[in-house]
Amino acid sequence: MKDYKILIVDDYDYDRFIISSYLTTEKEIKYRILEAESVKRAIEILNSTQVDCLVTDYNLIGGSGLLLMDKIKAEYPNIVGVMMSGTNDAKSLKLF
């Protein structure tokens, strides 16, 4: 069984904890969870580790989830990206 590596990027520790906890309760699929609190740390992890999926918040320290997703599409096209947002401003969000 393959271990899927998921990188969770959020500047709030609690939000990363909740997402990680939810994913690790899955019994039939094994996930290896990696966490980053900033765009800078996420890029460091992506440059050193093969990741299958990236889950990122829209608003981040040192950049935005939007810029991070653009980087993923350009440099790591095999990574599945998921962006979350607590914003209700649809104009500030972009479809991928």
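Q: Before we start, what does "buried" mean here?
A: Happy to start there: a residue is buried when its relative accessible area is under 20%. Keep in mind that this is a predicted model.

Q: Good. And what share of the chain counts as buried?
A: Of its 96 residues, 35% do.

Q: Let's do the fold. How many helices and strands are there?
A: Three helices and six strands. Reading from the N terminus, the order is β-α-β-α-β-β-β-α-β.

Q: And what about contacts between residues at least 6 apart in sequence: what share join residues at least 24 apart?
A: That share is 68%.

Q: On to the inside. Which residues touch the most other members of the largest nonpolar core?
A: Leu 7, Val 9, Leu 46, Leu 54, Leu 68 and Ile 79, out of 16 residues in that core. At least two core residues come from each of strand S1 (3-9), strand S2 (30-36), helix H2 (39-48) and helix H3 (65-75).

Q: Which element gives the largest share?
A: H2 does, with four residues.

Q: Now a charged one. Where does Asp 10 sit?
A: Asp 10 is in the loop between S1 and H1.

Q: Is it buried or exposed, and what is the nearest side chain of opposite charge?
A: Asp 10 is buried, and it has no salt bridge. The nearest side chain of opposite charge is Arg 16, 5.7 Å away; a salt bridge would need the charged atoms within 4 Å.

Q: Which residues does Asp 10 touch?
A: Not counting residues up to four places away in sequence, its contacts include Asp 15, Arg 16, Glu 37, Asp 57 and Met 84.

Q: Last topic: which residues make up the nonpolar patch on the surface?
A: Tyr 14, Phe 17 and Ile 18, which together have about 340 Å² of accessible area. Tyr 14 belongs to helix H1 (residues 13-24).

Q: Why does Tyr 14 count as exposed?
A: Because its relative accessibility is 57%, and the cut-off for exposed is over 50%.

Methods:
Residues numbered from 1 in each chain as written. Predicted model: local features only at pLDDT ≥ 70, side-chain atom pairs only at ≥ 80, totals over all residues. Heavy atoms only, no water. Patch = residues over 30% accessible without salt bridge, like charges linked within 9 Å, V, L, I, M, F, W, Y side chains within 5 Å. Areas by Shrake-Rupley, 256 points an atom, 1.4 Å probe, with all protein chains shown as cover. Buried < 20%, exposed > 50% of the residue type's maximum accessible area, 1.4 Å probe, protein only. Contact = heavy atoms within 4.5 Å. Core = buried A, V, L, I, M, F, W, Y, C linked by side-chain atoms within 4.5 Å. Lys, Arg positive; Asp, Glu negative; His and termini not counted.
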